[in-house]
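The following note sets out points on the fold and packing of the model shown below. It is arranged as numbered paragraphs for a reader who has the coordinates open.

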Amino acid sequence: MNKNIETEIKDTIFDIVDFPKKGIIFRDLTPILGNHKVFSNIIDELYERTKDLGYTMIVAPESRGFWFGIPLANKAKVGFVPVRKPKKLPRAVYSEEFSLEYGKDCLQMHIDALKPTDKVLIVDDLIATGGTIGAIYNLVKQAKATVVGFAFVVSLSGLPGLKLLNDNYHLPVVALADYDNKE
């Protein structure tokens, strides 16, 4: 296990105050994409911490979940299922509405993307309120597949997302870097 991954992540991302609205500190992970070493270390660490969960598919939301979900699926040699906003997927979809840290939204997934035998790891860039992840969990359940865990690059432990996951799903949660309300 890479003991310095949290430091690498925090040294690479930018904190944007009052974005997208006043009172929010946005953790901008885009600089990770420009740093091959840090990005590779993140994918390697996510793989090491999740490889024993037995997942057969990774499901992740657009767009930032794709950044980490696709390369992790490639490394783990499993399939990837994109979850997108409405009217972005061309075939029949499951839909799920949810609340965000700063608004409301809806996510969709192709109804034929998962089989009931699939074991799913849900991946996103960060966990904040848990709204997006709860919606994805419900989409996976609509497909009658099984969620086996969650993986994030960043957790915002000062917000309710981690508690929601732990209290409601009782599944493994991997987060490589954590910010509490004091940071």
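1. A nonpolar core is here a set of buried Ala, Val, Leu, Ile, Met, Phe, Trp, Tyr and Cys residues joined through side-chain atoms within 4.5 Å; buried means under 20% relative accessible area, exposed over 50%, and partly exposed in between (1.4 Å probe, protein chains only). The model is predicted: local features need pLDDT of at least 70, side-chain atom pairs count only at pLDDT 80 or more, and totals for chains, interfaces and linings use all residues. Residues are numbered from 1 along each chain as its sequence is written, and side-chain values use heavy atoms, with hydrogens and water left out.

2. The largest nonpolar core has 30 residues, and I9, I32, I42, L46, F68, V153 and V154 have the most contacts inside it. At least two residues of this core come from each of α1, α3 (36-50), β3 (57-61), α4 (64-76), β7, β8 and β9. A second, separate core comprises 25 residues, among them V81, V83, L107 and F150.

3. Which residues does V153 contact, leaving aside its neighbours within four places in sequence? With contact meaning heavy atoms within 4.5 Å, the partners of V153 are I9, L29, I32, I42, L46, F68, D124, D125, A175, L176 and A177.

4. The protein has six helices and nine strands, assigned as DSSP runs numbered from the N terminus (helices H or I, at least four residues; strands E, at least two). Five strands form an open sheet in the order β4-β3-β7-β8-β9, with parallel pairing; two strands pair if DSSP finds at least two bridges between them. The edge strands, β4 (79-83) and β9 (173-179), each pair on one side only. Neighbouring strands of this sheet are turned by 20° against each other on average, direction ignored.

5. Within the sheet, β7 (residues 119-127) and β8 (residues 146-156) are paired in the parallel sense over eight bridges. I122 stands opposite F150 in β8.

6. Axes are lines fitted to C-alpha atoms, for helices over the stretch in contact, and angles run from 0 to 180 degrees between N-to-C directions.

7. On overall dimensions, the C-alpha trace spans about 40 × 35 × 30 Å along its principal axes. Of the 183 residues, 46% count as buried. Among contacts between residues at least 6 apart in sequence, 60% join residues at least 24 apart.
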